[in-house]
Every structure is written in C-alpha cells, then in structure tokens.
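Here is a short report for a first look at this structure. Please keep the sequence and the model in view while reading.

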Amino acid sequence: VALFYLMVFFHRVAPAVITTELMQTFGINASGLGNLSALYFYAYVAMQIPTGILADIWGPRRLLSAGALVAGCGALLFALAPNLLWAGLGRFLVGGSVAVAYVGILKLAMNWFPSHLYAMIAGVGLMAGIVGAVFAGVPLRLLVDNFGWRPGMLTAAAATLMIGLLVWLLVRD
C-alpha cells in the first residue's frame, strides 16, 4: 500500500517534469498545461469525503485495489492520449482514484498494527509518497530524455496496475 502511495506522488509531480513535451504534443500553452495538471487535483479533492465512507463500507483491500487499477488505467489513457481531451480524462481518473491511497494506509495502520505504532505507520506512508515525488524528478527526466514521455508514462501506468494486483493479492481487511 505504501508503494501505491509512492505512485500517488509520482503521478502528482510527473507533469511538472514533462511540461515541454506535453505542450508540444498537445499544442497548448502554459495556461492549457495548468488546466491539464489541475484536473488531477479537482478529482482528488472531490474524492476525499467519499473515500472515507468507501473505506468503511468496502474495506481497504477492495478500495485500494480498485483505486490502483483505475489509476493505472487513467495513466494508460494519459500516456496514449491522441488529444488534450483524452489526456485530461486520464489525469482526472488518476486524481480521483489515487485519493484512496492515504486513507487506505491509515485504515490498515489502525487494523493491522498496535495503536502505539499508528503515528509511525502514518509517517512511513508519507515518506513513501515523498520518495514517489523524488522518482518523478530526475529519474523520470532521464527516462523521458532517453525514451520519450509516453514510454515513461506507460511505465508508470504498468507499475500502478501491478501495484493494484499486488494489493489485491496481499492485503487483507
């Protein structure tokens, strides 16, 4: 689940690293790029309340698996987008679906660990997110410089889909 939260921050930061490529690919200016990037955050914010409710109803296993799988599909859509509309839809799907990750970490921390470790587990989860932001920096830039932005985003999509599968196989409510 911490790997999923790592991918949350990766997906959040990645557009800042590939600004030039996105502007060229979709023929947009800085304002258009800002709107494209913002779609992630609009969906993320909108999902905060439903996420808590879904965590209690569905349980962390189903919620986190579904979140990672939808995020992977959204990242795939973004990476293969033929135009700005599809890229925006991909970003929106990623933002809405990754909103479940941190709530899932907190729910699992509460269910799996003694209460005196709750704060440490929450901190480890946050640390994983920051590591994801680091991976979306120089490592992503090197990947994009050598292979292009679409293969870089396809790699992120595949990793997110694999994490969804791992969550389904390993996490228990």
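## Ground rules

Helices (H or I, at least four residues) and strands (E, at least two) are DSSP runs, numbered from the N terminus. This is a predicted model: local features need pLDDT of at least 70, side-chain atom pairs count only at pLDDT 80 or more, and totals for chains, interfaces and linings use all residues. Residues are numbered from 1 along each chain as its sequence is written, and side-chain values use heavy atoms, with hydrogens and water left out.

## Ser97

Ser97 sits in helix H6 (residues 84–98). Its relative accessible area is 7%, so Ser97 is buried (under 20% relative accessible area; exposed is over 50%, partly exposed in between; 1.4 Å probe, protein chains only). A polar atom of the Ser97 side chain lies 2.7 Å from the backbone oxygen of Leu93.

Ser97 also has contacts (heavy atoms within 4.5 Å). Beyond neighbours within four places in sequence, the partners are Phe4, Gly67, Val70 and Ala71.

## The largest nonpolar core

A nonpolar core is a set of buried Ala, Val, Leu, Ile, Met, Phe, Trp, Tyr and Cys residues joined through side-chain atoms within 4.5 Å. The largest one has 46 residues, and Phe4, Val8 and Met153 touch the most other members. Helices that each supply at least two residues include H1, helix H2 (19–26), helix H3 (30–46) and helix H9 (138–147). H1 gives the most, with 9 residues.

Phe4 touches Ser97 too. Leaving out residues up to four places away in sequence, its other partners include Leu64, Ala68, Val100 and Ile163.

## The largest pocket

A pocket is an open set of points on a 1 Å grid over the protein atoms alone, where a 1.4 Å probe fits, with protein on both sides within 12 Å along at least five of seven lines; lining residues have an atom within 4 Å of a point. About 280 Å³ of space lies in the largest pocket, a volume being the space filled by probe spheres set on the points, which are joined across faces, edges and corners. Of its 16 lining residues, Val1, Ala2, Leu3, Leu108 and Val171 are closest to the centre.

Helices H1 (2–17), H7 (100–112), H8 (118–135) and H10 (149–170) each supply at least two lining residues.

## Ala81

Ala81 lies in the loop between helix H5 (60–80) and H6. Ala81 is buried, at 1% relative accessibility. Setting aside residues up to four places away in sequence, Ala81 touches Phe26, Trp86, Ala87 and Arg150. Val171 is 90 residues from Ala81 in sequence and 32 Å away in space, C-alpha to C-alpha.

Methods: Polar contact = N/O pair within 3.5 Å; in protein donor to acceptor, adjacent residues only side chain to side chain.
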